[in-house]
Structure formats: structure tokens, C-alpha cells
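Hello,

Here is the structure we discussed handing over. My notes on charged side chains follow below it.

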Amino acid sequence: MIEERTVLITGASSGIGKACAKAFAGQKARLLLCARRIDRVRQLQQELAAQYPDIAIHVFELDVRDREAVKAAIASLPEAWKKIDILINNAGLSRGLDKLHEGSYEDWEEMIDTNVKGLLYVTREVVPGMVARNSGHIINIGSIAGHEVYPRGNVYCASKYAVDAITKGLRIDLFDTPLRVTTIDPGLVETEFSVVRFRGNEEKADQVYKGLTPLSPEDVAESVLWAATRPAHVQIAEMIIFPTAQGSSMHVHRT
Ligand code: NDP
Ligand code: 8X3
């Protein structure tokens, strides 16, 4: 049962995070939504409040790369929002698609700081409360890129392999508690992901999804919601989700 459960979603301003907010709102969860683009998160809050007038939503601005800001944001949550039941570590990005020896230090650091360190900071601040309450579910958004390395994917893939290792490590560290740890690992999902990767080059981004029906962010959100709504003794460890036209990172059928 998700109704009245408090769900923290990082990166709720776009794509999969935004779709998760909508999916959990539809189940009457209490939503804690954050991202750097707070205007977008506020806009989403207004849309959801109009559609679901009886749910509670609290939003705040957060750059997950900023460790002190993460600590302060979680520590200063209003009393009614302190007990987080479900953490969806979704905030993440890719930058560039370069050969490693031609890559940019700035791109590498942004990916590692966001996808790895940011996820760790939020997890470190939220999970102790879950452990103290003997209840909670951590759902990380990994990627097929955390299972297969593709050409020029080098550092982005490394960051998602790290998410895979962190998820497995956390699950082992919590195996003797009622807490659950899940990773949802999609293939091609049409969001702003590729526009961000190619720094606003829409044409290049469109090529990524050309000639196939990619996953929608809603497809992924449905799986996140499903994992979160299994009975308490069922822990979905990991789920890889592809569009039907995808066989692996390197096998994409385009017509
Ligand atoms: P989008 O670009 O649409 O959304 C990314 C979200 O992450 C935005 O809400 C963005 O918010 C947030 N974000 C990025 N950096 C930060 C930061 N430093 N602090 C806080 N929030 C941040 O892409 P997706 O929805 O596709 O990406 C969501 C997750 O899904 C990522 O972890 C991605 O790696 C993963 N994924 C995506 C796939 C795809 O094909 N699209 C496939 C597999 C996994 P803001 O910029 O406002 O801060
Ligand atoms: C996003 C999927 O294959 O573009 O993580 O890296 S992919």
C-alpha cells in the first residue's frame, strides 16, 4: 500500500523522476520532490495538486552534488516530512559520447559527482532514519549502461556500474533488516537525457530514438511503482527493461 507513504524523488523536474511523481500521486502517496530547476518542480506540484487535491506534496531545490546542501535539506525537512518511506534515487545524467582518451574532465566529474556521489549523499542522509524505524525501500534508477559497456560510453557506463555495485552493497548491508533495495535499469527511454548528453543538440538527441519506439518515462515509472507495491517480504532486486526493439546496448532494431 502506497497511500499515505512518503516518497522522496530526486530529479523530479523531468523525465523518469517526473513520471514517478505522477505515478505515485495516482496512488495517493505523499510526495517529496526535488531537483535543481525548482520552478519546474513547483509547476509539477501545481499540476498534481490540481489533479489530486487530497494528496500532500512538499518540494525543495536540491543539487545532489552538493554534500552540505543534501545534509541540510534532509535535516531541515518539516517534522511531517521527516519519515521517508521510499527513496527514489533518480537524479542523473550523461555528458558527451567521446572516446576516453579524448574525453572532457568536466564531463567526467559532472557524471561521477551526480550519478555516483550524489546518489551516495542522499542515500547516506535518508537511510539511517529508515533503519531506525525498521522500515523503508530504496529504489535506484540504474541503467543497462550499468550492465554493458558500449562504445564511447566509458565514464557514463562506469557511473552506472557504480550504481549497480552500490545497490548490491546496500542490499547486503541491510539484509538483516526489513528494508528493501531495488534497482530499475532501463535501456532507451525518451526523455531529456540525450538532449542533456549532447548539450542541447536536439537533432543529435532525436537520432538516438529514431526508427524505434523507445520506452516512455511512464513505462519506467510503472515498474518503479510495481516494485514499491510488492508485499513486504518480496524484494525486487533488479529489473532490466528494454524497448522491444532493443536486444542490448548495441542491438537496436530501427526501421
Ligand atoms: P532527464 O534529463 O529527463 O531527467 C534527469 C533528472 O535528473 C532531471 O530532473 C534533473 O533535474 C535531475 N538532475 C540532474 N542532475 C542533478 C543534480 N545535480 N541534482 C539534482 N537533480 C539532478 O533524464 P532521465 O529522466 O532519462 O534520467 C533519469 C535517470 O534515469 C538518470 O539517472 C539516468 O541516468 C537514468 N536512465 C535514463 C535512461 C534513458 O534512456 N533516458 C535509461 C537508463 C537510465 P535538474 O536538471 O532540474 O536538476
Ligand atoms: C541510458 C541508457 O544506453 O543511453 O542510461 O546509456 S543508454
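**Charged residues in the predicted model**

On the surface, Glu-190, Glu-202, Glu-203 and Asp-206 gather in a patch of negative charge. Please keep in mind that this is a predicted model.

Now to the charge pairs. Side chains of opposite charge can pair when their charged atoms come close. The structure holds 11 salt bridges, and some of them are described here.

Arg-5 and Asp-85 meet through their side chains in a salt bridge, with an N to O distance of 3.9 Å. Arg-5 sits in the segment before strand S1 (6-10), while Asp-85 sits in the loop between helix H3 (67-75) and strand S4 (86-89), so the pair ties together parts that are 80 residues apart in sequence. The two partners fall into separate accessibility classes: Arg-5 is partly exposed at 34% relative accessibility, whereas Asp-85 is buried at 15%. The limit for buried is under 20%.

Another salt bridge is formed by the side chains of Arg-40 and Glu-192, at 3.0 Å from N to O. Here the pair ties together parts that are 152 residues apart in sequence, because Arg-40 lies in helix H2 (residues 38-51) and Glu-192 in the loop between strand S6 (180-186) and helix H6 (193-197). Arg-40 counts as partly exposed, with a relative accessibility of 33%. Glu-192 is also partly exposed, at 28%.

What separates Lys-71 and Glu-68 in helix H3? They are 3 residues apart there, which means a separation of about one helical turn. Lys-71 forms a salt bridge with Glu-68, and the closest N and O atoms are 3.9 Å apart. With 33% relative accessibility, Lys-71 is classed as partly exposed.

Finally, there is a set of linked charges to look at. Which residues are linked in a network of salt bridges? They are Arg-95, Asp-107, Glu-110 and Arg-199.

Regards

Technical notes:
Residues numbered from 1 in each chain as written. Chains lettered and ligands numbered in written order. Predicted model: local features only at pLDDT ≥ 70, side-chain atom pairs only at ≥ 80, totals over all residues. Heavy atoms only, no water. Patch = residues over 30% accessible without salt bridge, like charges linked within 9 Å, V, L, I, M, F, W, Y side chains within 5 Å. Areas by Shrake-Rupley, 256 points an atom, 1.4 Å probe, with all protein chains shown as cover. Salt bridge = Lys/Arg side-chain N within 4 Å of Asp/Glu carboxyl O. Lys, Arg positive; Asp, Glu negative; His and termini not counted. Charge placed at Lys NZ, Arg CZ, Asp CG, Glu CD. Helix = DSSP H or I, 4+ residues; strand = E, 2+ residues; numbered from the N terminus. Buried < 20%, exposed > 50% of the residue type's maximum accessible area, 1.4 Å probe, protein only.
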